[in-house]
Amino acid sequence: MSTARRVGALVSNAAERMYEGMKAQTIKKDDVRAYLEAVVAEELKRIESERWDESPAVSPAEWRMRWMTDRAEACALRLLAQRGHAADLMPEDMDVLREQGFRPAEMSLVLELLFALKERFWGAEPPVLSPSPEDVFGERTITEAGYRHLRSAAFEGRARALEQSDRRDIIHPGADPSTSAAQDTNTTQPAMSERPASPPRSDPDIVSIADRMSQKSRALRVKDKSFDKKAFERDKRQRDRVISQFIEATAKSKVTDLRQEDVAYYVNCLSRLPKTYNKSTADRALSFEQVMERGDELPDDLVGLSGSTENRNLTFVGAMLSYARSEGLRPAEDLDLTWFRTKDRTLKRAQRPAFTRDDIAAIFSHPTWRGRQSAARPHALGDEIVRDGLYWVPLIASYSGARREEIAGLELTDIVFDASVPHIIIRPNANRGLKNPQSERLLPLHSHLLELELRPYCEGLVERGETTLFPDLRPPAPTHAFRDMIHLRWSEVRKRQLGSDYSGKVFHSFRHYVSGYLQNETTIPQLVVKDLLGHLSGDITADRYRDPSHLGKLAEAVQQLPRVY
């Protein structure tokens, strides 16, 4: 039942093992057994007396601290009983303790007690054994080896007494744990307060709760035409990783066991993690504790998750807790996650800076658009131009402000050339969904895109039987997205053209560039710009009752964007 017993199982039965090889000693096996029983009896009385005078715990946290201190001491004593002065907390011991709910700080307590006891009993003046061996089995000559066996029995006896006095099982000081069960069975009509509570109708296991939440969310969203299955599965995998991380950090698998201190400890763990981890196979093989230990060895600037990542993780945990409450499952005490959220005082528009006109000119002077030497030398100027995903996606983004995933996942049927205003239809398709309902919109094609032969490019794909606008970006597995397939090549272009210090500018900076240019350099109405970008206006009446801007108005806005080269 207790952790001490589990550690005892790990190192084998301490009481039996320490008796081996004693036949030639002055102290016999029976003497040590008798002494062990005497220690247990004396320690039980002492523990009972101490707890009778003990002041009540003022909080659940303080009660847990007392309980875990007892458990930690029992573990330390059991290890000393078996291993003597060589006792230490090995990785195998830590694995057992972790399974039993010990947190890292509580494992450290085991280690502190272990060292304190070794210093006391292996010091220059070791304490006198209690009870006195003479009082148990009479006068004997106690050799050094005999003292060693009795000392081990004393450690074992104290550990057993602590186990038998588990604070969760003792109803009140003076109660006899061995008779409590019998008294219960003799009670013919227990009081209502003593009747066991009905088991919860829903499984309180945190992983099960998260799975049920995902299933319900999927069932509700799959009816929406904008439902993006790949994005949903990607988000679910991320959420599952966070939930698993939370369980490993808190050592709590049931939501009904969670307390405020568990959340506090989890957030503290996040501050110890390396900024980059879990990327390699070796990293993924590490336990959460080992990853934190690696973080402890790194410089401060390489440790600690960003505020936005911590907030995201807390959002996932908070969603799981909310869903659990909806099923009638509640933590052991009310939890408040708001204290741990990081307030980001940076303006949203400053978090992802826009490309400048100079940035745009530098990017599109790359050989991808001016001509490369060959596939083997894509960054050297030459005569070869390959109109593929890397060529078209940044161009379309710079002339529309559309998101990377919106462009990369386009199908051929999403482009309309034979219309008064040639345009792209941003809508959910087999390749990807959309971020939100307002993302569904029409995007006029800039005249430069037509001059660069976008139409002949599409017609060539149709002749080859393709259905996707950028077949070279088709992901190799369902777990990947079209937008991921351009990331490495695009990042290399950006780094080469803007230098290593590109000030946090990413593909999304095209979107900010278009928005900023149209709002600051033209007289295009703000509502037209928002419709082009797929944003809500921020006005409830306008968002609910206003029709989207006409395609002609959107075309006027797009044509005011300057040519990129």
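**Ground rules**

I am working with a predicted model, where local features need pLDDT of at least 70, side-chain atom pairs count only at pLDDT 80 or more, and totals for chains, interfaces and linings use all residues. Residues are numbered from 1 along each chain as its sequence is written, and side-chain values use heavy atoms, with hydrogens and water left out.

**Entry 1: salt bridges**

I began with the charged pairs. Side chains of opposite charge can pair when their charged atoms come close. I took a salt bridge to be a side-chain nitrogen of Lys or Arg within 4 Å of a carboxyl oxygen of Asp or Glu. The structure holds 37 of them.

I looked up Glu43 and Arg158, whose side chains form a salt bridge at 2.8 Å, N to O. This pair links distant parts of the chain, 115 residues apart: Glu43 lies in helix α3 (residues 29-53) and Arg158 in helix α8 (residues 144-164). My helices (H or I, at least four residues) and strands (E, at least two) are DSSP runs, numbered from the N terminus.

Are the two partners buried or exposed? I call a residue buried under 20% relative accessible area, exposed over 50%, and partly exposed in between (1.4 Å probe, protein chains only). Glu43 counts as buried because its relative accessibility is 9%, and Arg158 counts as buried at 11%.

**Entry 2: a network**

Next I followed Glu54, which meets Arg66 in a salt bridge of 3.5 Å, N to O. Glu54 sits in the loop between α3 and α4 (60-83), and Arg66 is in helix α4, twelve residues apart from it. Glu54 is partly exposed at 31% relative accessible area, whereas Arg66 is buried at 16%. I then found both residues in a network of salt bridges that links Arg51, Glu54, Glu62, Arg66, Asp70 and Arg167.

**Entry 3: the strands**

I count two strands as paired if DSSP finds at least two bridges between them. Strand β1 (residues 415-416) runs antiparallel to β2, and two bridges join them. They form a hairpin with six residues between the strands. Which residue of β2 is the bridge partner of Val416? I noted His423.

On the β3 side, β2 is again antiparallel to its neighbour, with four bridges. Here Ile426 stands opposite Arg441 of β3.

In a regular strand the side chains alternate between the two faces of the sheet. For β2 (residues 423-426) I found both faces covered: His423 and Ile425 are buried on one side, Ile424 and Ile426 on the other.

Arg441 also has a salt-bridge partner, Glu406, with the closest N and O atoms 2.8 Å apart. Arg441 belongs to strand β3 (residues 441-444) and Glu406 to helix α20 (residues 404-408), 35 residues apart. Both are buried, Arg441 at 8% and Glu406 at 2%.

**Entry 4: a helix crossing**

Last, I checked α11 (residues 229-250) against α15 (residues 307-326). Their axes come within 10 Å and cross at roughly 85 degrees; axes are lines fitted to C-alpha atoms, for helices over the stretch in contact, and angles run from 0 to 180 degrees between N-to-C directions. I therefore logged α11 as roughly perpendicular to α15 (65 to 115 degrees; under 35 is roughly parallel, over 145 roughly antiparallel, the rest oblique).

The contact (heavy atoms within 4.5 Å) includes Val242 and Phe246 of α11 and Phe316 and Met320 of α15. Its residues divide into six nonpolar, three polar and two charged. Nonpolar covers Ala, Val, Leu, Ile, Met, Phe, Trp, Tyr, Cys and Pro, charged covers Asp, Glu, Lys and Arg, and polar the others, Gly among them.
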